[in-house]
Amino acid sequence: MANVTVIGAQWGDEGKGKIVDWLAARADAVVRFQGGHNAGHTLVIDGTTYKLSLLPSGVVSGTLSIIGNGVVLDPWALRDEVARLEAQGVSVTPDSFAVADTCALILPPHRELDGLRESAAGKGRIGTTGRGIGPAYEDKVGRRAIRVCDLEHLDSLDPQLDRLCVHHDALRAAFGREPVDREALRSALAEVAPFVLRFAQPVWKRLKTVRRAGARILFEGAQGVLLDVDHGTYPFVTSSNTVSGAAAGGSGLGPAATGFVLGIVKAYTTRVGSGPFPTELDDAVGQRLGERGHEFGTVTGRKRRCGWFDAVLVRQSCAISGVTGIALTKLDVLDGFDRVRICTGYRLRGKVLDYLPAHAADQAAVEPIYEELDGWAQTTAGARSWADLPANAIKYITRVQELIETPVALVSTSPERDDTILVRDPFED
Ligand code: GDP
Ligand code: IMO
Ligand code: MG
């Protein structure tokens, strides 16, 4: 198994960026396959922090980085992100970075519609990142999208623009908004087109060549399984499939290329945005997790909701996504607790459940059943080997693997790239 697919196994922000960057040193290509700039992946290398939303986390280490067809691409956000990274000394050139020519574009009307819907929903809002992700995927599936390859054919774009705008104008009218300014949209696209086209290509072909040459490919998921549009806490989800299976369709390589599926799992649970969260803590413990874990969104700066580790959810995510092994991150955030809790099941109207039911009302009503373990007073922060871990931290990890029925391959003990313990090498499996 030469390739590795990294996915989030909770509600996102598990530390995927850090782990992808760490693995990227041993990969030949890193590929994003779904989502868009709703993602926020943080890398810390020798004290310098890099924040990535669209660019694959391989760019910082100079590994060939590819945005696959499954991603929805905001071309202006891409240009800004490339400029930000170049200002930090990271070079992004057509040699090191490619974008699928079939990516659907996120346009200003998508962002506006996202905002209008969220404002109108009031308390029922999803709490999206406001990046236009949902509306862009709707247009892709509705066969109205403008795609990267269309930027090369701006002279014949009118029929497509009309088709898209007719749809949006009707939606906008319902919110009392003006129709889309087609001329402004056309000229904005013409202005950004040369930048995007520098990187555009049939990436499935490039990946085929890379794969035939025996290269190691690392697929980088965004969000997490519980935000998956099919398997997540619907409707409080994102608009793409975030499971490992999406790596094949979203990149143009077959499912056999997916390789070792590495589920990234935080040692506790967080969620940003609305929706059910069985182990959420509204008390001092939740506060402490948020403070120690610096749980603020990379993209929106929103405070993340925090709670104990939920083994039921992670076991479900690992099963649904065919996870081969997990990377357990942010173990250091649990340092210093006298006792730590793990959710092992749910109670729903007198019944005990070992899975999260499908209906939103049931998901909101389940009560966690906890198991308590002794905490550890010593620090795990910065530990780089198993031997550096306190006995009770090892007991915690061991219990997590038992409950989720999936082995631990890596443990992360700080935001820094090298503060990582390798238990089982995903590339060598
Ligand atoms: P992603 O979206 O899954 O890539 O995760 P984010 O980057 O949004 O959020 C994870 C946060 O935790 C980032 O600020 C990381 O720098 C940080 N982080 C990652 N691994 C660890 C760890 O093991 N310990 C601590 N304390 N922080 C970590
Ligand atoms: P990374 O890759 C955490 C959440 C939003 C909202 C829901 C829908 O950094 O883990 P969207 O803008 O996608 O339509 O919002 O999904 N969400 C994330 N939460 N991490 C992310 O990405 C997320 N991307 C989207 O908060 O609840
Ligand atoms: Mg994030």
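1. Helix H1 makes the greatest contribution to the shell around ligand 1, giving three residues. The model discussed in this note is a predicted one. Helix H1 spans residues 16-24, and together with strand S3 (41-45) it belongs to the elements that each supply at least two residues of that shell. Nine of the nine residues of H1 are buried, so the helix is largely enclosed by the rest of the structure. These buried residues are Lys 16, Gly 17, Lys 18, Ile 19, Val 20, Asp 21, Trp 22, Leu 23 and Ala 24.

2. The surroundings of ligand 1 may be considered next. In total, 18 residues surround this ligand, and the closest are Lys 16, Gly 40, Thr 42, Asp 332 and Ser 412. Sorted by class, the shell consists of two nonpolar, nine polar and seven charged residues.

3. Several polar atoms of the protein approach ligand 1. A backbone N or O atom of Gly 15 is placed 2.8 Å from an oxygen atom of the ligand, and a backbone N or O atom of Gly 40 is likewise 2.8 Å from an oxygen atom of ligand 1. From a side chain, a polar atom of Arg 304 lies 3.2 Å from an oxygen atom of ligand 1. On its own, ligand 1 has 580 Å² of accessible area, of which the protein covers 92%.

4. Ligand 2 has a shell of 20 residues, and the closest are Asp 13, Lys 16, His 41, Thr 129 and Thr 238. By class, the shell around ligand 2 holds seven nonpolar, ten polar and three charged residues.

5. Which distances separate polar atoms of His 41, Gly 127 and Thr 238 from oxygen atoms of ligand 2? For a polar side-chain atom of His 41 the distance is 2.7 Å. A polar backbone atom of Gly 127 is 3.3 Å from an oxygen atom of the ligand, and a polar side-chain atom of Thr 238 is 2.6 Å from an oxygen atom of ligand 2. Ligand 2 taken alone exposes 550 Å², and the protein buries 98% of that area.

6. Two buried polar side chains deserve attention. Asp 139 belongs to helix H4 (residues 133-141). Asp 139 counts as buried because its relative accessibility is 2%, under the 20% limit. Its side chain forms a polar contact of 2.8 Å with the side chain of Arg 144. Thr 63 is located in the loop between strand S4 (48-52) and strand S5 (64-67). With a relative accessible area of 8%, Thr 63 is also buried, and a polar contact of 3.0 Å joins its side chain to that of Ser 61.

7. Is Gly 89 buried or exposed? Its relative accessibility is 68%, so Gly 89 counts as exposed. The C-alpha atom of Gly 89 is separated by 36 Å from that of Ile 126, which is 37 residues away along the chain.

8. Most residues other than glycine have a negative phi, and most peptide bonds are trans. Tyr 234 and Pro 235, however, are joined by a cis peptide bond with omega of about 5°; Pro 235 is in the loop between strand S10 (217-220) and helix H8 (246-249). His 294, which is not a glycine, has a positive phi of about 45°. His 294 lies in the loop between H9 and strand S13 (305-307) and counts as exposed at 62% relative accessibility. Lys 330 also has a positive phi, near 60°. Lys 330 is in the loop between strand S15 (325-329) and strand S16 (339-348), and at 21% relative accessibility it counts as partly exposed.

How values were computed
Residues numbered from 1 in each chain as written. Chains lettered and ligands numbered in written order. Predicted model: local features only at pLDDT ≥ 70, side-chain atom pairs only at ≥ 80, totals over all residues. Heavy atoms only, no water. Near = heavy atom within 4 Å. Polar contact = N/O pair within 3.5 Å; in protein donor to acceptor, adjacent residues only side chain to side chain. Areas by Shrake-Rupley, 256 points an atom, 1.4 Å probe, with all protein chains shown as cover. Helix = DSSP H or I, 4+ residues; strand = E, 2+ residues; numbered from the N terminus. Nonpolar A, V, L, I, M, F, W, Y, C, P; charged D, E, K, R; others polar. Buried < 20%, exposed > 50% of the residue type's maximum accessible area, 1.4 Å probe, protein only.
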